[in-house]
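Reader: I would like to go through this structure step by step. Could we begin with the basic terms?
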Amino acid sequence: MSKVAVVYWSATGNTEAMAKAVGAAAESKGAEVTFFGPSDFSSSKLADFDAVAFGCPAMGAEVLEETEFDPMFTELESSLSGKKIGLFGSYGWGDGQWMRDWEDRAVAAGANLVTNGVMANNAPDDEALENCADLGRALV
């Protein structure tokens, strides 16, 4: 059985809704899914999972959340080489530059992105939730 971690930060619930869609789809493909907040996940846990979905909204000037999420992701970057991962998150302004930058960081770290990053403008609509489900299934 594939083990998938869904690690996310959400202030408004938008990214949380996306995380639940990713996790449900991975479970529907037979994966064992565990949800984490960024303060509960580290490189020591990374090896316990076959794949990881990371979710974070755009903050400030289109950056990852800077207090909890970005420090956790930065700590993991050196351990991502060859790991199956997916990225998702919501935004309320801009054009998604935070996701393109995040994808570049993951690829530079050697991660295997299973899909393009999934973005939702504010609350995820049906299309965004289906894209999250596709990401979840691709992780298994």
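Author: Helices (H or I, at least four residues) and strands (E, at least two) are DSSP runs, numbered from the N terminus. This is a predicted model, in which local features need pLDDT of at least 70, side-chain atom pairs count only at pLDDT 80 or more, and totals for chains, interfaces and linings use all residues. Residues are numbered from 1 along each chain as its sequence is written, and side-chain values use heavy atoms, with hydrogens and water left out.

Reader: Thank you. Where is Glu62 found?
Author: Glu62 sits in the loop that runs between strand S3 (51-55) and H3. Its phi is near 55°, which is a positive value in a residue other than glycine.

Reader: Is Glu62 buried or exposed?
Author: Glu62 counts as buried, at 11% relative accessibility. Buried means under 20% relative accessible area, exposed means over 50%, and partly exposed lies in between (1.4 Å probe, protein chains only).

Reader: And what is phi for Asn122?
Author: Phi of Asn122 is near 65°, again a positive value in a residue other than glycine. Asn122 belongs to the loop between strand S6 (118-121) and H5, and at 42% relative accessibility Asn122 counts as partly exposed.

Reader: Let us turn to the helices. How is a packed pair described?
Author: Two packed helices are described by the angle between their axes and the distance between the axes. Axes are lines fitted to C-alpha atoms, for helices over the stretch in contact, and angles run from 0 to 180 degrees between N-to-C directions.

Reader: At what angle do H1 and H5 cross?
Author: The axes of helix H1 (residues 14-28) and helix H5 (residues 126-139) cross at roughly 45° and come within 7 Å. That makes H1 oblique to H5. Angles under 35 degrees count as roughly parallel, over 145 as roughly antiparallel, 65 to 115 as roughly perpendicular, and the rest as oblique.

Reader: Which residues meet there?
Author: From H1, the residues are Ala17, Met18, Ala21, Val22, Ala25 and Ala26; they meet Leu129, Cys132, Ala133, Leu135, Gly136, Arg137 and Leu139 in H5. Contact means heavy atoms within 4.5 Å. By class, the residues of this contact divide into 11 nonpolar, one polar and one charged. Ala, Val, Leu, Ile, Met, Phe, Trp, Tyr, Cys and Pro count as nonpolar, Asp, Glu, Lys and Arg as charged, and the others, Gly among them, as polar.

Reader: What about H3 and H4?
Author: The axes of helix H3 (residues 69-76) and helix H4 (residues 97-108) come within 11 Å and cross at roughly 25°. H3 is therefore roughly parallel to H4. Phe69, Asp70, Phe73 and Thr74 in H3 meet Trp102, Arg105 and Ala106 in H4. This contact has four nonpolar, one polar and two charged residues.

Reader: A new topic: how many disulfides are there?
Author: The count comes to zero disulfides, a disulfide being a pair of cysteine sulfur atoms within 2.5 Å. Cys56 is in no disulfide, and the nearest cysteine sulfur, that of Cys132, is 14 Å away. Cys56 is buried, with a relative accessible area of 0%, and Cys132 also counts as buried, at 0% relative accessibility.

Reader: Finally, which residues does Phe35 touch?
Author: Not counting residues up to four places away in sequence, Phe35 touches Val6, Tyr8, Ala19, Lys20 and Gly23. Phe35 is found in strand S2 (residues 32-36) and is partly exposed, with a relative accessible area of 37%.
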